[in-house]
Amino acid sequence: MTLSRDVLIRWMQLFAQSIEANKDYLTDLDSAIGDADHGANMHRGMQAVLSKLPTVAESDIGSILKTVGMTLVSTVGGASGPLYGTFFIQMASGASNKMELTLEDYINALQAGINGIVMRGKAHLQDKTMLDALQPALDALKQAAESGASLQDALEQSAAAAAAGRDATTPLLARKGRASYLGDRSIGHQDPGATSSHLLLQSLVDAVKA
Ligand code: ADP
Ligand code: MG
């Protein structure tokens with residue numbers, strides 16, 4: 001089994017829906033340790049992505065992911081726009097001219113996307129950022145692939161690891177982004193970006209199952 005273009009498009013549609021359903025929740029999380037705009041930022045970005053998807057309906061996966069990334073960069077203010085934008089643009093880099101992604105292709109794309117976030121945001125693990133959901137998700141994905149899991153099982157394990165990583169941000173002291181301005185007062189709150197990153201990976205599971 002592979003990830004087809006249709007699955008990729010469905011992924012973005014389901015992520016947009018999930019962001020819409022969790023918009024107030026993400027904003028509440030960001031109001032505790034940020035400026036209460038993460039839900040609105042992501043919603044604005046994903047609505048713009050939705051309106052762009054028809055233009056890439058016939059395109060290869062690289063073009064789809066690149067369009068998503070450029071749209072997020074140009075429509076989302078705040079830290080998360082450039083970070084998610086870079087994530088998708090870097091994911092696209094190995095997928096140009098591909099009409100489907102194998103599990104191995106997807107692992108390489110996720111690795112490239114995470115590298116892009118780290119290059120741009122300079123976060124380390126446990127800085128209380130989206131990286132704390134994404135990196136464990138990648139590790140779980142690799143482990144699942146090595147043990148011969150199916151694509152769907154590997155994606156499910158990856159999303160579960162992202163959820164655990166998201167939960168594990170709560171006791172952390174923020175060292176990057178606005179939350180870091182709070183110092184010790186950032187402790188005890190779940191990171192909004194790690195929360196939306198889990199929604200992203202869960203949406204892919206849902207897209208594969210649909
Ligand atoms: P802003 O902080 O500019 O208001 P958002 O509220 O949309 O932007 O996004 C905040 C999220 O961005 C944080 O919860 C965190 O996960 C993520 N983030 C912030 N800075 C970084 C960084 N340097 N590297 C990775 N992720 C970051
Ligand atoms: Mg914010």
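Predicted model: local features only at pLDDT ≥ 70, side-chain atom pairs only at ≥ 80, totals over all residues.

Me: Is lysine 122 buried or exposed?
Reply: Lysine 122 is found in the loop between helix 6 (103–121) and helix 7 (131–146); helices here are DSSP runs of H or I with at least four residues, numbered from the N terminus. Its relative accessibility is 54%. That value is over 50%, so lysine 122 counts as exposed.

Me: And lysine 128, buried or exposed?
Reply: Lysine 128 also lies in the loop between helix 6 and helix 7. Its relative accessible area is 1%. Since that is under 20%, lysine 128 is buried.

Me: What is the phi of lysine 128?
Reply: Most residues other than glycine have a negative phi. Lysine 122 isn't a glycine, yet has a positive phi of about 55°. Lysine 128 isn't a glycine either, and its phi is positive, about 70°.

Me: Over to the ligand. How many residues surround ligand 1?
Reply: The cut-off is one heavy atom within 4 Å of the molecule. The closest residues are Asn41, Ala79, Ser80, Gly121 and Asp191. By class, the shell has six nonpolar (Ala, Val, Leu, Ile, Met, Phe, Trp, Tyr, Cys and Pro), six charged (Asp, Glu, Lys and Arg) and eight polar residues (the others, Gly among them). The number surrounding ligand 1 is 20.

Me: Which helix gives the largest share of that shell?
Reply: Helix 3 (38–52), helix 5 (80–93) and helix 9 (192–209) each supply at least two residues. The largest share is three residues, and they come from helix 9.

Me: How far is an oxygen atom of ligand 1 from the polar side-chain atom of serine 80?
Reply: A polar contact is a pair of N or O atoms within 3.5 Å; within protein, one must be able to donate a hydrogen and the other to accept it, and residues adjacent in sequence count only if both atoms are side-chain atoms. An oxygen atom of ligand 1 is 2.9 Å from a side-chain N or O atom of histidine 38, and one is 2.6 Å from such an atom of aspartate 191. For serine 80, the distance is 2.5 Å.

Me: How much of ligand 1 does the protein bury?
Reply: Taken alone, ligand 1 exposes 570 Å², with areas from the Shrake-Rupley method and a 1.4 Å probe, where for residues only the protein chains shown count as cover.

Me: Which side chain does threonine 195 contact?
Reply: Threonine 195 sits in helix 9. With a relative accessible area of 2%, threonine 195 is buried. Its side chain makes a polar contact, at 2.9 Å, with the side chain of glutamine 190.

Me: How far apart are the C-alpha atoms of serine 59 and methionine 99?
Reply: Serine 59 lies in the loop between helix 3 and helix 4 (61–75), and counts as buried at 19% relative accessibility. Along the chain, serine 59 and methionine 99 are 40 residues apart. Their C-alpha atoms are separated by 8.1 Å.

Notes
Residues numbered from 1 in each chain as written. Chains lettered and ligands numbered in written order. Heavy atoms only, no water. Buried < 20%, exposed > 50% of the residue type's maximum accessible area, 1.4 Å probe, protein only.
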